[in-house]
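Biologist: I would like to learn how to read a model of this kind. Please take me through it step by step.

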Amino acid sequence: MGEAFDIFLQASFWVAVVRIASPLILATMGELICERAGVLNLGIEGIMTAGAFVGWYTVYAGGDLWLGVLMAGVIGVVFGLLHGTLTVPLGLSQHVTGIGVTLLASSLAYFSYRLLLPQVSSPPKIEPFQPLPIPFLSDIPLFGQALFAQTPLTYFAFVAVALVAWVLYRTPLGLAIRAVGENPAACEAQGIDVTLIRLGAVMAGSALMAIGGAFLTISAFNSFFFEMVNGRGWICIALVVFGSWRPGKALLGAILFAAFDAYQVRLQQVTGGVVPYQLFLMMPYVLSILALIVMARKASYPKALMVPYRKGER
Amino acid sequence: MRIEPVDAVSWRATLGYPALAILATLAFAGVLVMLAGANPFAVFGLVLKGAFGSQFAFLETLTRATPLIFTGLAVAVAFRAKLWNIGAEAQLYIGGVVTVVLGTGALPWAGFALKPAIIVAVMMAGALVLLVPTLLKSRFGVDEVVTTLLLNFIVLLFVSMLLEGVLKNPMGMGWPQSRRVIEAASLPKILQGKRLHYGFVLALVAAISVWFVMARTTLGYEMRAVGHNPQAARFAGIRVNLVLVKTALLSGGLAALAGFSEVAGLKGNLSLDLSPGYGYTGIVVAMLAMLHPLGVIAAAIFVAGIFVGADSMSRAARVPSYIADVTVATALLTMVAAILLTRYRIRWR
């Protein structure tokens, strides 16, 4: 079992952990904002797919990498507006609407891909974000490379966590977001526009999800594949529960999860095909379900999560 | 703006808003077709012709509708009780697994005994797959949406493992596919030389049975009561968790039948392309049918028509066949909004 443990001592393992965690961190923060405001956003899987496509295509068409990030964010806002309009002022089922948004966003991405690139047999490549080592810090043994020699978009993900935590806990806006997710009627009495805050939170959160998707195509890899999001969105929903709706804990969850994912890939090589590889690939999803079971009882979820708010209705 | 319930739901609204939803969906699809540089009316014509324009086209649409009726029913039953089963895809594949485990020669029985045995086993297996998330929901409060979604990925990997392991056809030339089901386990074709098989008839029987259960039995009443207001149902003496478990068994069983029908009636064996997302499309079918079991038949044929028609259209016109997926997803969103508007009115003020 020495080999199985040695994996933890490789700097490259920890670099992979942070890289795998980055899109999860971004999308988990996005979902967390939505849910804190009381709206479950099951559109996440499709919004990530749309962000992955739009971010990649912007760069493929000659745009700057950061323009790709921006465009991914814009498409996220658009789908956030759609999900928000249907679930907040109209108060439709957040489950059904979210699944609908996922189906729509991912099929639109695939449609656009086929339309814009009808002739390609293998996915075209772009020049993705390159690692940006921070002098001195990246020379720290074992963790230096993992934390300080990543792409700019990974740094952006960590900044996003700090920003989300700061806004949620240190600003009046954050207080309003948390309050509309707990007790919308009381907010209305305080003169807070519940609809506006929820709508804004869903749009901002969806933008982060889309950028998380774009991370896959313009930072982790260099092209767009069908089915490339592959359930990451659903895993992020589990991570929000696992993190008890707190940005810091959710970040920790994402890293833990990524560590497990990176570990199973390397363990596959160590075990050398004795165990079917599908069992390893199953682990992230099994782990997510286990995390949900462990946390479900303790978690203090937003009281008004999934409860549509209609003025004057009790 | 505010939104308030209307006192009496009018017939005009009940028919008008869903019609408007379909129109809005077609308009959106039309814009995309124009962006693709084609004439929307010509393209819609081609879709219609490809779906219903000939005997071949219509039979193909019914063939494609068959699994969608099963998954649509599975979703309709579950959603009625507000049990959010998004895992019909997993249940379908498990149904396929059980079909090939029992139907490729392990049970050397005659057809009249083998087929019912397989159907019972398939339904039990599918039920079991949904039972796990349902119990997690009622025991631990774990949201079943996420667990059923995650189970889809787990089950698909499990099937992939089986197809490269114990279920692998040694004569399959290396492809991950199972052996073919024996004659006694197969569903015969309805018309000689055509693809439409008796799975379609089974689907119709299932729809009528589900309608009967929902509309005419105590269980159906309890399911609707639980879906409408669980607290009130509990207060009225309904054992909510038990009703949810029964709902899960029925829903999971129905979704698994889709896998049985596809393997035993159409494909003949199990492979990883058994379903191009029939489990997810079942959600759209159920919502378009407004969760009515008989409506599911019509909605499944409608949705299947879009897919079959778009396939044949995309060969003729240069519009990607993903237009079908976009249209179906749009139809889902516009339809749920339309259903709301029949019961509520918006006050702009």
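Biologist: What should I know before I start?

Modeller: This is a predicted model, in which local features need pLDDT of at least 70 and side-chain atom pairs count only at pLDDT 80 or more, while totals for chains, interfaces and linings use all residues. Residues are numbered from 1 along each chain as its sequence is written, and chains are lettered from A and ligands numbered from 1 in the order in which they are written.

Biologist: What is the mean pLDDT of chain B?

Modeller: pLDDT is the predictor's confidence in each residue, from 0 to 100. Where pLDDT is low, the predicted coordinates should not be read in detail. For chain B the mean is 93, and 100% of its residues reach 70 or more. The model scores ipTM 0.93 and pTM 0.94.

Biologist: How many residues does the contact take from chain B and from chain A?

Modeller: Two residues are in contact if their C-beta atoms, placed from the backbone, lie within 7 Å. Here chain B gives 38 residues and chain A gives 40. On the side of chain B that touches chain A, α6(B) gives the most, with 11 residues; helices and strands are DSSP runs numbered from the N terminus (helices H or I, at least four residues; strands E, at least two).

Biologist: Which residues touch the most other members of the largest nonpolar core?

Modeller: A nonpolar core is a set of buried Ala, Val, Leu, Ile, Met, Phe, Trp, Tyr and Cys residues joined through C-beta atoms within 7 Å. The largest one has 222 residues, and L73(B), V296(B), A300(B) and V303(B) touch the most other members. Helix α10 (residues 194-220) of chain A supplies the largest share of this core, 16 residues. Leaving out residues up to four places away in sequence, A300(B) touches A65(B), L68(B), I69(B), G72(B) and V285(B).

Biologist: Is A255(B) buried or exposed?

Modeller: A residue is buried if 20 or more other C-beta atoms lie within 10 Å of its own, exposed if 12 or fewer, and partly exposed in between, with C-beta atoms placed from the backbone. A255(B) is buried because 36 other C-beta atoms lie within 10 Å. A255(B) sits in helix α10 (residues 240-267) of chain B.

Biologist: Where is N230(A) found?

Modeller: N230(A) is in the loop between α10 and α11 (232-242) of chain A. Its phi is near 50°, a positive value in a residue other than glycine. N230(A) counts as partly exposed because it has 16 C-beta neighbours inside 10 Å.
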